[in-house]
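Reader: I am new to reading protein models, and I would like to go through this one slowly. Could we take it one question at a time?

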Amino acid sequence: MLWIPLALIGCYAVFVFAPSIVAVLTIFRGRPGDSLERMIAPDAQFAPYRERILAAEERLRALPKTAVSIRSRDGLSLSGEYIDGGFSRTAIFVHGYRTDPAVNFTVQADVFFRRGYNVLLVRQRGHGDGSHARCGLGLYERYDVEAWNDWALSQNGVQETVLYGISMGATSIGFAAGSLDAKRTRALILDCGYRSPDEQIRLDCKRRNVPAFLLMPWIRLLAKLFLKLDLRARTDDVLCGTAIPCFFLHGTNDRTVPYETGRAVYARCGARKAFFTADGAGHAEAFLSDPKRAENAFFTFLEGEPNV
C-alpha cells in the first residue's frame with residue numbers, strides 16, 4: 001500500500017507545489033510593460049480615452065526631455081525621463097504592474113507641467129529597464145521611490161515634490177511613505193493601489209478560479225526564502241503613521257483592486273487626506289474618466305495646509 005502515500009505526494013507536488021513555483025517565477029519575473037499603442041488600440045482598456053491621451057502626448061512630445069538614471073540601493077540602474085520646466089516643484093510619476101509610464105500618466109503629466117511642476121516619469125524595476133531585475137510588487141520598489149524622491153529634490157531649484165502612483169506604483173509609494181522627507185514631500189497621490197501583495201495575489205487567484213488557500217502558503221514561503229519579501233506587509237500599516245498629506249483616487253468599477261480596498265486604506269491613513277471617487281471607472285481610469293473634476297480636486301488639496 002506504499003503506492004497510496006507516494007501517489008498523494010506526487011499529486012500534491014504536481015497540483016500544488018509545482019504551480020506555486022511557476023506562480024512565483026511568473027509574478028516576480030521582469031518584462032517590458034504594455035506599450036501605449038497597444039493599450040489605446042480600439043479593443044483595449046484605454047480606447048475610450050484615446051483622443052485625450054494622444055492630445056496630451058503631443059503636447060509633452062514638444063517639451064525638452066532628459067533621459068536620467070540612478071543607482072538603486074541593491075545596485076540596479078533605474079531609468080526615467082525628466083521634463084525640467086525650471087519650476088521649484090517636481091511631480092514624480094510611478095506606473096503600475098506590467099505597464100508603462102506613458103500608458104498611466106500621459107494626461108496627468110501634461111496637467112502637472114501646465115500647473116507649474118517639473119515632471120519625472122520613472123520606470124519601475126523589471127519593466128523594460130534592461131536589467132532583467134525581479135519585480136517586488138512594491139516591496140523592493142519602495143526603496144527605488146525613496147531614491148527617486150531624493151534625486152528630484154537634489155535638482156537645482158527644486159524645493160518640493162509630489163509623488164503620484166497608480167496600482168502597484170501607488171503601493172510602492174505607500175510602502176515608502178514612512179521614509180520620505182515629510183517636510184519637502186508635498187503630497188502622495190495614491191491611485192487604486194492594493195493594500196498588500198498577499199491580498200492582491202489572492203484576489204487575482206479568485207478571479208482565475210485558482211485555489212489560493214492551497215498555493216498562497218507556498219508562494220509566501222518561496223518569496224520569503226528566495227526573494228526576501230514579506231508578502232503580508234500592508235501599506236496601511238505605514239500610512240497610518242505618515243505626516244505627508246495623501247490624496248486617494250479609485251474607480252467604483254475597478255475589478256482588479258476593489259474600490260473597497262481603497263476606502264479601507266484611506267480610512268487608516270493618519271495624515272491630512274482626501275478621497276476622489278470616480279463613478280463607473282475601471283482600474284487605473286479614475287483620473288482619465290473625469291479629468292477636469294480630478295484636476296480641480298488635486299490642486300485644491302495640494303494648495304491646502306503645507307507640511308509642518
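Predicted model: local features only at pLDDT ≥ 70, side-chain atom pairs only at ≥ 80, totals over all residues.

Reader: How far apart are the end C-alpha atoms of helix 4, and what span should its residues give?

Author: Helix 4 runs over residues 101–114, and at 1.5 Å a residue these 14 residues should span 20 Å. That expectation agrees with the model, where the distance between the end C-alpha atoms is 18 Å.

Reader: Is helix 4 mostly covered or mostly exposed?

Author: A residue counts as buried when its relative accessible area is under 20%. Among the residues of helix 4 that are buried are Val-103, Phe-105, Val-107 and Phe-112. With 12 of its 14 residues buried, helix 4 is mostly covered.

Reader: Which residue has a side-chain oxygen that reaches the backbone nitrogen of Ala-102?

Author: This contact is found at the start of helix 4, where the two atoms lie within 2.8 Å. The side-chain oxygen that reaches the backbone nitrogen of Ala-102 belongs to Asp-100.

Reader: Does Pro-217 count as buried, partly exposed or exposed, and what is its relative accessibility?

Author: Pro-217 is part of helix 8, which covers residues 212–227. Buried means under 20% and exposed means over 50%, with partly exposed in between. Because its relative accessibility is 38%, Pro-217 counts as partly exposed.

Reader: Which helix gives the most residues to the lining of the largest pocket?

Author: The largest pocket has a volume of about 1,000 Å³, and the elements that give two or more residues to its lining are helix 1, helix 4, helix 7 and helix 8. Among the residues nearest its centre are Tyr-97 and Arg-207. The helix that gives the most to this lining, with six residues, is helix 7.

Reader: Which element gives the most to the lining of the second largest pocket?

Author: The second largest pocket has a volume of about 320 Å³, and 16 residues line it, with Pro-101 and Ala-102 among those closest to its centre. Helix 3, strand 2, helix 4 and strand 4 each supply at least two residues of the lining. The element that gives the most, with five residues, is helix 4.

Terms used. Residues numbered from 1 in each chain as written. Heavy atoms only, no water. Helix = DSSP H or I, 4+ residues; strand = E, 2+ residues; numbered from the N terminus. Expected span 1.5 Å × (residues − 1). Buried < 20%, exposed > 50% of the residue type's maximum accessible area, 1.4 Å probe, protein only. Polar contact = N/O pair within 3.5 Å; in protein donor to acceptor, adjacent residues only side chain to side chain. 1 Å grid on protein atoms, 1.4 Å probe; cavity = no way out; pocket = protein on both sides within 12 Å on 5 of 7 lines; lining within 4 Å. Points joined across faces, edges and corners; volume = space filled by probe spheres on them.
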